[in-house]
Amino acid sequence: MSFSVNQPFRWMDSGTYQESPLEPLVRDEALAASMQSASPAPVIHLWVYDQALYLGRRDAKLPHLESALHQFGKAGFGCVLRSSGGACVPLDAGVLNLACLLPDTAISIDAFFSFVADLLHVGLRDYGTLQFGEVAGSYCAGEYDFSIHGKKIGGMAQRRTRFGSILQLCINVDDRPRGEWMERFYQVAGLQEMDNHKPIPSIEASTIGSIASLTGESVSVDEVKERLLATIRTQWPVIPTPFTVQDELLSESRHHLAKRLRLFAYQAKELASPDWRLPE
């Protein structure tokens, strides 16, 4: 890798979000933009969103997406079209999101995935041995799914920016019916009506798990954060740092994602409105 792992990671927790589900992604983008500084440091950014569907661009082709999002809005879910790869992922207060940001745009996709897989192997070792590889039938299935006892507890996706690379991942901590939610979402959105360009082949709720369900422990997001920090620090230099990023970069990043990349985002109350429509 072209960056030095001897340079400490800044461990930054920006908390729990309930406003626009675009906002945590704006912060990832702004952190990446901040890496144009003279001496940029790698960052591990943690956050939680309660609760929303984080759509991939593939999902935009679903024939009844508008109807599905309206129905899920009435059930309390917001939505956002995200800029990183993959298909829809449900987020809630029991899912920990982590972004690894490097001041390096040359690192290969596989090398970046492998490095973060190493971080997770160490960071989550107290809960069991992680397996990496696609969990067939899971939502947003891919080569870098990670699982315990064959049940998917999370996945990873990358995004490259002008000044840095972002790898975003989510970890299912407590036990909620996320697989059932996604079965229902794709059923309403018309997945099975599609002949070509399906965002995913199919969904089987039983393929999805969580740290709590697979260990039999009552585990909180805060406890997982603490264990991640403690164990990752045994292998890599990490400095907990209050979350901070320039307001100007936040504004520029918000504009870039919403206007240039045309990412849409809605809170649940907006989706639930009878007048709501998907943007053209």
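Is Phe113 buried or exposed? At 12% relative accessibility, Phe113 counts as buried, because the cut-off for buried is under 20%. The model is predicted.

**Phe113 and its surroundings**

Phe113 sits in helix α3, which spans residues 109–123. Leaving aside residues up to four places away in sequence, Phe113 touches Tyr144, Met156, Ala157, Gln158 and Leu167. Asp28 is 85 residues from Phe113 along the chain, and their C-alpha atoms are separated by 17 Å. Asp28 is one of the buried residues of helix α1.

**The chain as a whole**

The chain has eight helices and twelve strands. Its C-alpha atoms fill a box of roughly 50 × 45 × 30 Å along the principal axes. A compact globule of 280 residues would have a radius of gyration near 19 Å; the chain has 18 Å, which agrees. Buried residues make up 55% of the 280 residues. The chain exposes about 12100 Å², and carbon and sulfur atoms supply 47% of that area. Take the contacts with a separation of 6 or more: residues 24 or more positions apart account for 78% of them.

Inside the order, β6 (residues 95–102) and β10 (residues 165–172) pair in the antiparallel sense over eight bridges. Val95 has Asn172 in β10 as its bridge partner.

How many residues of α1 are buried? Eleven of the eleven residues in α1 (residues 23–33) are buried, so the helix is mostly covered, buried being under 20% relative accessible area.

Strand β3 (residues 52–55) and β5 pair in the antiparallel sense over three bridges. Ala52 has Leu91 in β5 as its bridge partner.

**Helix packing**

| Helix pair | Angle between axes | Axis distance |
|---|---|---|
| α3 and α6 (residues 221–232) | about 110 degrees | 8 Å |
| α2 (residues 65–74) and α4 (residues 178–189) | roughly 140 degrees | within 7 Å |

From α3, Leu119, Val122 and Gly123 meet Arg227, Leu228, Thr231 and Ile232 of α6.

The axes of α2 and α4 cross at roughly 140 degrees. That makes α2 oblique to α4. On the α2 side, the residues in contact are Leu65, Ser67, Ala68, Leu69, Gln71 and Phe72. They meet Trp181, Arg184, Phe185, Val188 and Ala189 in α4.

**Backbone exceptions**

Most residues other than glycine have a negative phi, and most peptide bonds are trans.

The peptide bond from Asp50 to Gln51 is cis, with omega near -10 degrees. Gln51 is in the loop between β2 and β3.

His149 has a positive phi, near 55 degrees. It lies in the loop between β8 and β9. At 64% relative accessibility, His149 counts as exposed.

His197 also has a positive phi, near 60 degrees. Its place is the loop between α4 and α5 (211–215). His197 counts as exposed, with 63% relative accessibility.

Technical notes
Residues are numbered from 1 along each chain as its sequence is written. This is a predicted model: local features need pLDDT of at least 70, side-chain atom pairs count only at pLDDT 80 or more; totals for chains, interfaces and linings use all residues. Side-chain values use heavy atoms; hydrogens and water are left out. Buried means under 20% relative accessible area, exposed over 50%, partly exposed in between (1.4 Å probe, protein chains only). Helices (H or I, at least four residues) and strands (E, at least two) are DSSP runs, numbered from the N terminus. Contact means heavy atoms within 4.5 Å. Two strands pair if DSSP finds at least two bridges between them. The radius of gyration is taken over C-alpha atoms; the globule rule is 2.2 Å times the number of residues to the power 0.38. Accessible areas come from the Shrake-Rupley method with a 1.4 Å probe; for residues, only the protein chains shown count as cover. Axes are lines fitted to C-alpha atoms, for helices over the stretch in contact, and angles run from 0 to 180 degrees between N-to-C directions. Angles under 35 degrees count as roughly parallel, over 145 as roughly antiparallel, 65 to 115 as roughly perpendicular and the rest as oblique.
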